[in-house]
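Hello,

Here is the structure we discussed handing over. My notes on it follow below.

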Amino acid sequence: MATVTATPFVEAIALMADASRDIVKRAALQFAQPITKSDGSPVTEFDREVERALRAIVAARFPDHGIIGEEYGSDKTDAEYVWIFDPIDGTKQFITGIPEYGTLIALAHHGIPILGVIDCPATGDRWMGGVDVPATRNGLSIKTRACNRLDSAIFKTSGPGAHNFEPYGTLMALAKAARFTVYGGGCFAFGLLAEGRIDFASDAGHNVYDFAAPAAVVQAAGGIVTDWQGQPLSIHSNGNFLMAGDRSVHAIALNVLQEANSIG
């Protein structure tokens, strides 16, 4: 079997990130009128414009590839390669002008994320990384940091409004065990994990377009990413994930999660 590499797709994913950044930067100068989706979450026409632009690039360059997008659904998800888009991750922040939003773009091979971009136009930051693609922030090399104790580790998770009671209680077991916890931060915080400013992150019930790109970047930076059973994340994962910069902290945190959630 040939070795999987993401290198041939770096130019394309950078082109996609440039296209999304142009739209989002222009949109940020306007008031983004929110539309309520059927699940109660907000969306704007700019989310949809970004996704249409990204889909158009895939259609032109990789017509045999599949796509999973937050706004326009899935197509050919059984293809060897599948692109995964969150056109504006953090739509609520985008609408309100809080600069914790960005575009998440990932490429999966046989369901496993192998390349990712976290692009944050409000701050001008872009994290990228994948299989055979060194992790970078704005073109400069980054890596996760060593940390072998949970009580020395900085933990990131979403706020309580992002979860129902049961998974939030499980995540609080990690918060209590960590040195301290930061809440929110959106996709920007996953970039900080990849460069060693945060030690580990966990959340529950997220969609593949929320975690695929950060997973690829964090792993390229030397980290480890799994679900709550310790299995690699894929486009079929249930959205409960654990990302860590150091394997020791990941192993300890995974044990805490499994004990708290009785899933070990």
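Tyr-101 has a relative accessible area of 7%, so it is buried (under 20% relative accessible area; exposed is over 50%, partly exposed in between; 1.4 Å probe, protein chains only). Phe-94, at 6% relative accessibility, also counts as buried. Phe-94 and Tyr-101 form an edge-to-face aromatic pair, 5.1 Å centre to centre with 80° between the planes.

For the terms: rings of Phe, Tyr and Trp (its six-membered ring) pair if their centres lie within 6.5 Å, with planes under 30 degrees apart counted as stacked, over 60 as edge-to-face and the rest as tilted.

On the source: this is a predicted model, in which local features need pLDDT of at least 70 and side-chain atom pairs count only at pLDDT 80 or more, while totals for chains, interfaces and linings use all residues. Residues are numbered from 1 along each chain as its sequence is written, and side-chain values use heavy atoms, with hydrogens and water left out.

The whole structure holds 10 aromatic pairs. In one of them, the ring centres of Phe-62 and Trp-83 are 5.7 Å apart and the planes are at 25°, so this pair is stacked. Phe-62 lies in the loop between α2 (45-61) and β3 (66-69), and Trp-83 in strand β5 (residues 81-89), 21 residues apart; helices (H or I, at least four residues) and strands (E, at least two) are DSSP runs, numbered from the N terminus. Both Phe-62 and Trp-83 are buried. Phe-9, Phe-62, Tyr-81 and Trp-83 form one aromatic cluster.

Regards
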